[in-house]
Amino acid sequence: MLRLDKEFYESYFKHYGKVSAYGVVSEVERYLESMPGFTMVNAMNVAKTSAMIGHTYTDFYMEMGAHRTWCDDGEDMDKNIFNIAFYHAYITNSGELESLLGIRFKVRDVYAEIAKKAYGEATEANIEKIKAVKTEHTYSIQDPNPVSRDQWFYNMAVVVGSYAKCHSRKIGAVLVRDKSVISTGYNGPPKGVPTCDQRWFIDEAFRQKYGHHLNNLKSDAKVKGVCPRRIIGFPSGQGLEICPAGHAERNALINAAKLGISTDDTVLYMSCGVPCSPCMVEIINSGVKEIVCTSMHIYDETAMYLLENSDIKVRLFDFLL
């Protein structure tokens, strides 16, 4: 790849400072498609030669500028030369280009990454295997004598989750650094806040709004230990605005923060699938480097968007593969 110097940085922000990263790639590719075939080949050959002999972008610019028969003078020439250099860098080492500019141009294929790590090859068949992995909500310890560290931390997450005060499902999360647990969390309401099944009796506004759903119950005793969203009839994943619970992943991070423990370079093990997008935002911002989950079931579309456009690693527990 050409050595990208200060002139390259300045040219990038001069020509594409107001264009999204994906828009830059599309615009450059459209420009190249509009060039005569032999012209593009010649230009790319100059770029390859410059890269091989260690030229900087400035050196390449001077070399290309000597061949003005293929481009206009002034602004157009400047942008055209940059487009050639950018595209060469993009196809030869996009990762280094992104690192140098601090911009992400390619969307990650998260499923392919996990498949490659799990099976050594990201074939379509292996990717489908990853997508098909699920636990069918069997939130129980797989083996009392775990044979891998993944099983060990999974079992811990299940035990932590068993203490959850959520009446929908019980999830546990274990935050680990250097193979040692530094924090745990389970889902449920904040400290001191009653569980959701008590809301019918202590929240008058809530009962007025949703109380008619209790008419089908024979007694108020039927609400004890039952998630109000189920009584009301919300489908799974909906009606979350009435849920007072914090998620296990978030609570693990909060517990670490309360104790003044850094969460940088940690691994988060969970007894569930891919975290929801609000939790994912906090996981990424807290410095967690990898999440380990029970399936690639996505709670919401934004969660996958965050995965695809971040550097956080994700994989499945090894005993599920």
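**Strand β3 and its sheet**

Val176 stands opposite Val267 in β3, and this pair belongs to the contact in which strand β1 (residues 172-177) and β3 run antiparallel over four bridges. Two strands count as paired if DSSP finds at least two bridges between them, while strands (E, at least two residues) and helices (H or I, at least four residues) are DSSP runs, numbered from the N terminus. This is a predicted model, in which local features need pLDDT of at least 70 and side-chain atom pairs count only at pLDDT 80 or more, whereas totals for chains, interfaces and linings use all residues. Residues are numbered from 1 along each chain as its sequence is written, and side-chain values use heavy atoms, with hydrogens and water left out.

**Partners of β3**

- Strands of a sheet pair through backbone hydrogen bonds, and the pairing is either parallel or antiparallel.
- With strand β4 (residues 288-293), β3 pairs in the parallel sense, again over four bridges; here Tyr269 has Val292 as its bridge partner.
- From β3 the chain crosses through helix α13 (residues 277-285) to β4, and this β-α-β crossover is right-handed, which means that, with the strands pointing away from the viewer, the path from the first strand over the helix to the second runs clockwise.

**The whole sheet**

- The sheet is open and has five strands in the order β2-β1-β3-β4-β5, with mixed pairing.
- Its edge strands, β2 (180-186) and β5 (313-316), each pair on one side only.
- Neighbouring strands are turned against each other by 20 degrees on average, direction ignored, where the axes are lines fitted to C-alpha atoms and angles run from 0 to 180 degrees between N-to-C directions.

**Burial of β3**

- Is strand β3 (residues 266-270) mostly covered or mostly open? It is mostly covered, since five of its five residues are buried, where buried means under 20% relative accessible area, exposed over 50% and partly exposed in between (1.4 Å probe, protein chains only).
- In a regular strand the side chains alternate between the two faces of the sheet.
- Both faces of β3 are covered, with Thr266, Leu268 and Met270 buried on one side and Val267 and Tyr269 buried on the other.

**Salt bridges**

- The count comes to 10 salt bridges, each being a side-chain nitrogen of Lys or Arg within 4 Å of a carboxyl oxygen of Asp or Glu.
- One of them joins Asp78 and Lys14, whose closest N and O atoms are 3.6 Å apart; Asp78 lies in helix α5 (residues 74-101) and Lys14 in helix α1 (residues 6-16), 64 residues apart.
- Within this pair Asp78 is buried, with a relative accessible area of 8%, whereas Lys14 counts as exposed at 51%.
- Lys79 and Glu27 also meet in a salt bridge (3.0 Å, N to O), and because Lys79 lies in helix α5 and Glu27 in helix α2 (residues 21-34), the pair ties together parts that are 52 residues apart in sequence.
- Lys79 is partly exposed at 24% relative accessible area, and Glu27 is partly exposed at 25%.
- The side chains of Arg315 and Asp150 meet at 2.6 Å, N to O, which links strand β5 with helix α8 (residues 149-161) across 165 residues.
- Arg315 counts as buried at 15% relative accessibility, and Asp150 is buried at 5%.
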